[in-house]
Amino acid sequence: SSVLNNGEVPNLFNAEDKTQILEVCSAPAAQAGHTSMADIFVFFVEQCRKNLHMVLALSPIGENFRRRVRMFPALVNCCTIDWFMPWPDAALRSVADHFLHKVDLAEEVFGGVVEICV
């Protein structure tokens with residue numbers, strides 16, 4: 001939940017790791033106007049947060065989902081939720097046909113593979 005809220009895992013880095021991060025990030029941080037050690041580390045965390053993308057796949061059905069949302073409100077407050085519904089068979093065939101045309105398959109095998117994707 002901490003990663004979702006503020007992009008950081010507390011106490012993730014030991015002193016040696018932090019020193020290495022400060023050395024590597026000092027030049028880019030200085031260009032952005034961050035010069036103190038604390039500012040350089042904040043710059044590093046901001047860059048991580050900006051470039052971090054997470055995918056969580058949860059079933060919205062049942063008590064488990066409701067319990068997780070109550071325990072970790074960042075799942076709703078700090079995330080973009082995409083609800084995926086079942087695809088029509090024609091759409092599945094079209095996507096399979098599009099991508100499988102790049103694969104060298106015999107015609108009789110090709111049709112069977114497309115049908116498996118549906």
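A salt bridge here is a side-chain nitrogen of Lys or Arg within 4 Å of a carboxyl oxygen of Asp or Glu. Keep that in mind as we walk through this predicted model, where local features need pLDDT of at least 70, side-chain atom pairs count only at pLDDT 80 or more, and totals for chains, interfaces and linings use all residues. Residues are numbered from 1 along each chain as its sequence is written, and side-chain values use heavy atoms, with hydrogens and water left out.

Let us start with the charged pairs. A search of the whole structure finds three salt bridges. In one of them, the side chains of Arg93 and Glu115 meet at 2.8 Å, N to O. This pair links distant parts of the chain, 22 residues apart: Arg93 sits in helix H6 (residues 89-100) and Glu115 in helix H7 (residues 107-117). Helices in this account are DSSP runs (H or I, at least four residues), numbered from the N terminus. Arg93, at 32% relative accessibility, is partly exposed, and so is Glu115 at 41%; buried means under 20% relative accessible area, exposed over 50%, and partly exposed in between (1.4 Å probe, protein chains only).

The closest N and O atoms are 3.4 Å apart for Arg66 and Glu63, and 2.7 Å apart for Arg70 and Glu63. Arg66 and Glu63 are three residues apart in helix H4, so about one helical turn separates them. Arg70 is exposed, with a relative accessible area of 56%, whereas Arg66 is partly exposed at 43% and Glu63 is partly exposed at 40%.

Next, have a look at helix H2 (residues 15-31). Its 17 residues reach 24 Å from first C-alpha to last, close to the expected 24 Å, a span taken as 1.5 Å times one less than the number of residues. H2 bends by about 50 degrees at Cys25, and Pro28 follows within four residues; the bend is the angle between axes fitted to the seven residues ending at a position and the seven starting there. Cys25 is also one of the buried residues of H2, together with Ile21, Leu22 and Ala29. These buried residues pack against H3, with contact meaning heavy atoms within 4.5 Å.

Leu52 is partly exposed, with a relative accessible area of 43%.

Technical notes. Helices (H or I, at least four residues) and strands (E, at least two) are DSSP runs, numbered from the N terminus.
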